[in-house]
Amino acid sequence: MWSNSTDSYGWLQIILHWSTAVLVLGLIALGLYMTGLDYYDPWYHRAPEVHRAIGILTGLLVALRLVARAAQTTPRSLACSAGQRRAAGIVHGLLYALPVAMVITGYLTSTADGRAVDVFGWFEVPATLHGIPGQEDIAGDIHFALAMLLLGVIALHLAAAWHHQFMMRDDTLRRMLRPLTPSPQPDHEERP
Amino acid sequence: MTSTLKAALLGVLIAVSGPTPAADYVIDTKGAHAFIQFRIKHLGYSWLIGRFNRFEGEFRHDEKAPASTRVEVTIDTESIDSNHAERDRHLRDEEFLAVDRFPQARFVSTAYRDLGEGKGELDGNFTLRGVTRPLTIAVSKVGEGRDPWGGYRAGFEGTTRFKLADFGVERDLGPASREVILWLGIEGIQSGGQKFRKKP
């Protein structure tokens, strides 16, 4: 079952969710590691190259996720209250918006001098907005601040998923692990 | 030709031929006719060159009394530019220039020794990263004279070098990279109404 239903996520969204999660967490970890490296460490240049390349690819993936989300049903909210539903909406919105903002600020940091971003030698993303005095510092500082914010939002997200799955026992996590047994789907072909 | 006219002409010639009296100059950063460049060895394999894009200063110079030469320059350390955004970001960081804490570097001259033929040695105090130490700049004059736009300019080049460690940079980049060379190409425009005056 590739697409979402009102009660279940389809494989497409499930795969996109977990691959984004792995990439985003990996990028944050790599970013924290690489900015602590000494200039003469063998990975001083290589780590940021990998970080920039995966960052661009993750940006493309998030764009894909946004399209997929817009094109499909969003499974019904499992929130117990209007307040919870609103909180979930905000957190999920941030989980889309923050990675996008991080790709943009990262890109503006690395292209501040007009250089393109090289993605594993496969293609380059040219600089567009560049040459602003202090651009790499401002964009870089925002990039780091957003990473810390994103980490906090992810922690909230994990806590909430845990709470719903294991305290409320309402399938929140389960339905993001595999499509649940098919619930009545609007299937035009079957309609007599 | 009348004698009055001859006298007037003579006056004009004298006025044209002599150098200007001691004058204060503003370094022409508006027209970007001044450059402060640094160079340091990279790994001992090549020279890494960069600039400080924003600075300002003034100097006093008198061809007839060179010992009265005085220079003051203030550099915006945040404007460091080695043509590489990520490297410049690292250079501004705490490990090197710490520009958050020390947004300015400054040179104030204390004495000038004329060595003849437009060359000299400029002693002064250099403040970088909050540390002030004496520094001597080897100076040589490039030229001076009127410009086409109503001003009077004088220009110099200067070189000096110092150890990073002497100004609080603890990071040791290796034996080839402990010293930084500064090269300055400076042109100043005379200020204070000392413009060339034509005799009527």
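Me: What is the relative accessible area of A:L151?
Reply: A:L151 has a relative accessible area of 32% and is therefore partly exposed; buried means under 20%, exposed over 50%, and partly exposed in between, with a 1.4 Å probe and protein chains only.

Me: What should I keep in mind about the model and the numbering?
Reply: This is a predicted model, in which local features need pLDDT of at least 70 and side-chain atom pairs count only at pLDDT 80 or more, while totals for chains, interfaces and linings use all residues. Residues are numbered from 1 along each chain as its sequence is written, chains are lettered from A and ligands numbered from 1 in the order in which they are written, and side-chain values use heavy atoms, with hydrogens and water left out.

Me: Back to A:L151. Where is it, and which residues does it touch?
Reply: A:L151 is found in helix α4 of chain A, residues 135–167. Helices (H or I, at least four residues) and strands (E, at least two) are DSSP runs, numbered from the N terminus. Not counting residues up to four places away in sequence, A:L151 touches A:L25 and A:I28, where contact means heavy atoms within 4.5 Å. Its C-alpha atom is separated by 9.5 Å from that of A:V24, 127 residues apart along the chain.

Me: And A:L146, buried or exposed?
Reply: A:L146 is buried, with a relative accessible area of 15%. This residue also has its place in helix α4 of chain A. Leaving out residues up to four places away in sequence, A:L146 touches A:L98, A:A101, A:M102 and A:T105.

Me: How many helices and strands does chain A have overall?
Reply: Chain A comes to 4 helices and 2 strands, in the order α-α-α-β-β-α along the sequence. Its C-alpha trace spans about 65 × 40 × 30 Å along the principal axes, and 35% of its 192 residues are buried. Among contacts between residues at least 6 apart in sequence, 70% join residues at least 24 apart.

Me: At what angle do α2 and α3 of chain A cross?
Reply: The axes of α2 (residues 43–71) and α3 (residues 82–110) of chain A come within 10 Å and cross at roughly 145°. Axes are lines fitted to C-alpha atoms, for helices over the stretch in contact, and angles run from 0 to 180 degrees between N-to-C directions. The crossing of α2(A) and α3(A) is left-handed, that is, the near helix is turned anticlockwise from the far one by less than a right angle, whereas clockwise would be right-handed.

Me: Which residues meet there?
Reply: On the α2(A) side they include A:R52, A:G55 and A:V62, and on the α3(A) side A:Y96, A:P99 and A:V103 are among them. The residues of this contact divide into 6 nonpolar, 3 polar and 3 charged. Ala, Val, Leu, Ile, Met, Phe, Trp, Tyr, Cys and Pro count as nonpolar, Asp, Glu, Lys and Arg as charged, and the others, Gly among them, as polar.

Me: Changing topic: what area is buried between chain A and chain B?
Reply: About 1,300 Å² is buried, of which carbon and sulfur atoms give 38%; buried area is the accessible area (1.4 Å probe) that two parts lose on being put together, summed over both. In residues, 16 of chain A are in contact with 15 of chain B.

Me: How many salt bridges are there between the chains?
Reply: There are 6 between chain A and chain B, a salt bridge being a side-chain nitrogen of Lys or Arg within 4 Å of a carboxyl oxygen of Asp or Glu. One of them joins B:R92 to A:D137 (2.4 Å, N to O). Both residues belong to a network of salt bridges that links A:E136, A:D137, A:D141, B:R89 and B:R92.

Me: Which residues of α2 in chain B are buried?
Reply: In that helix (residues 85–92), B:A85, B:D88, B:H90, B:L91 and B:R92 are buried. They pack against α2, α3 and α4 of chain A together with β6 (80–81) of chain B.

Me: What about a salt bridge within chain B, say at B:R113?
Reply: B:R113 forms a salt bridge with B:D123, the closest N and O atoms being 2.5 Å apart. B:R113 lies in strand β7 (residues 104–116) and B:D123 in strand β8 (residues 119–128) of chain B, so the pair ties together parts that are 10 residues apart in sequence. B:R113 is partly exposed at 36%, whereas B:D123 counts as buried at 17% relative accessibility.
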